[in-house]
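Dear colleague,

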Amino acid sequence: MKLFGSPGSPYVRKVLVAQYEKNIACEFILDRPSDPQTRVPQYNPLGKVPVVLLDDGQSLYDSSVIVEYFDGLGSGARLIPDSFVERIKVRQGEALGDGIVDATVALTHDSRYTKDTDPHSTWYQKQLLKINRGLAELESLVKKNSFCYYNQFSLADICAGMALAYLDRAYPVLNWRHQYPGLHTYSNLLFLRPSFIKAYPKET
Ligand SMILES: N[C@@H](CCC(=O)N[C@@H](CS)C(=O)NCC(=O)O)C(=O)O
């Protein structure tokens, strides 16, 4: 099994954390979709990473599908609970983390191409609001608990951590630790997990 991706991609890191949590053996193949030689569209018609190539030639995308596959295949505690009610909550947490990342990508990456970089523009403020409302919601989830739901590590925490780590890297001026002290405490513990340490190596 092979995972194609670029190490800086938040979605690739989401899948890597799940891979390490579930003790899955999967070879990492460095492939940037922006590279003209990329093989990604052979395996994902959308041309996005992460994509997993299975030994029988089948491919899996996107990150949500890959994490569910790893969760079913690997060992260790479930990342997506079996119970319907709990699963829907955890999936909602996934959507929240992914949504914060999408707004951050729009602000910091896509805006370079659309040239909509004026922080006072309506568009820019709209993305910023999505990030801040998302962080406020996450803060309320972790106020009394170590994890987003049921005081148990799940896919929701992988996505929350992915969003916070991506903000640190792509949009550090937000200084979310100062604005959201509950998330600061939460992330201190989360980022100590071996899976996070491996998926988020110190950047030089
Ligand atoms: N919803 C997708 C998002 C993946 C995604 O946006 N990947 C970006 C890298 S972070 C990408 O491959 N972009 C290249 C492109 O869109 O052409 C997932 O969860 O896997």
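**Findings in the predicted model**

Asp62 is placed in the loop that runs between β4 (59-60) and α3 (63-73). Please bear in mind throughout that the model is predicted. The peptide bond leading from Tyr61 into Asp62 is cis, and its omega is near 0°. Asp62 also takes part in the surroundings of the ligand: an N or O atom in the side chain of Asp62 is 3.1 Å from a nitrogen atom of the ligand.

**The ligand and its contacts**

At Val49, a backbone N or O atom lies 2.8 Å from a nitrogen atom of the ligand. At Ser63, a polar side-chain atom lies 2.5 Å from an oxygen atom of the ligand. The ligand taken alone exposes 510 Å², and 66% of that is buried by the protein.

Which residues surround the ligand? They are Ser9, Pro10, Tyr11, Pro33, Gly47, Lys48, Val49, Pro50, Asp62 and Ser63. Sorted by class, this shell comprises five nonpolar, three polar and two charged residues.

Val49 and Pro50, both members of the shell, are joined by a cis peptide bond with omega near 5°. Pro50 belongs to the loop between α2 (40-43) and β3 (51-53).

Two or more lining residues come from each of the elements α1 (10-21), α4 (84-114) and α6 (155-170).

Which element gives the most to this lining? It is α4, with seven residues. By class, the lining of the largest pocket divides into nine nonpolar, nine polar and eight charged residues.

**A further backbone feature**

Tyr150 has a positive phi of about 55°, although Tyr150 is not a glycine. Tyr150 is found in the loop between α5 (122-142) and α6.

**Points to inspect in the structure**

- The cis peptide bonds from Val49 to Pro50 and from Tyr61 to Asp62.

Yours sincerely

Conventions:
Residues are numbered from 1 along each chain as its sequence is written. This is a predicted model: local features need pLDDT of at least 70, side-chain atom pairs count only at pLDDT 80 or more; totals for chains, interfaces and linings use all residues. Side-chain values use heavy atoms; hydrogens and water are left out. A residue is near a molecule or strand if one of its heavy atoms lies within 4 Å of it. A polar contact is a pair of N or O atoms within 3.5 Å; within protein, one must be able to donate a hydrogen and the other to accept it, and residues adjacent in sequence count only if both atoms are side-chain atoms. Accessible areas come from the Shrake-Rupley method with a 1.4 Å probe; for residues, only the protein chains shown count as cover. Ala, Val, Leu, Ile, Met, Phe, Trp, Tyr, Cys and Pro count as nonpolar, Asp, Glu, Lys and Arg as charged, and the others, Gly among them, as polar. Helices (H or I, at least four residues) and strands (E, at least two) are DSSP runs, numbered from the N terminus.
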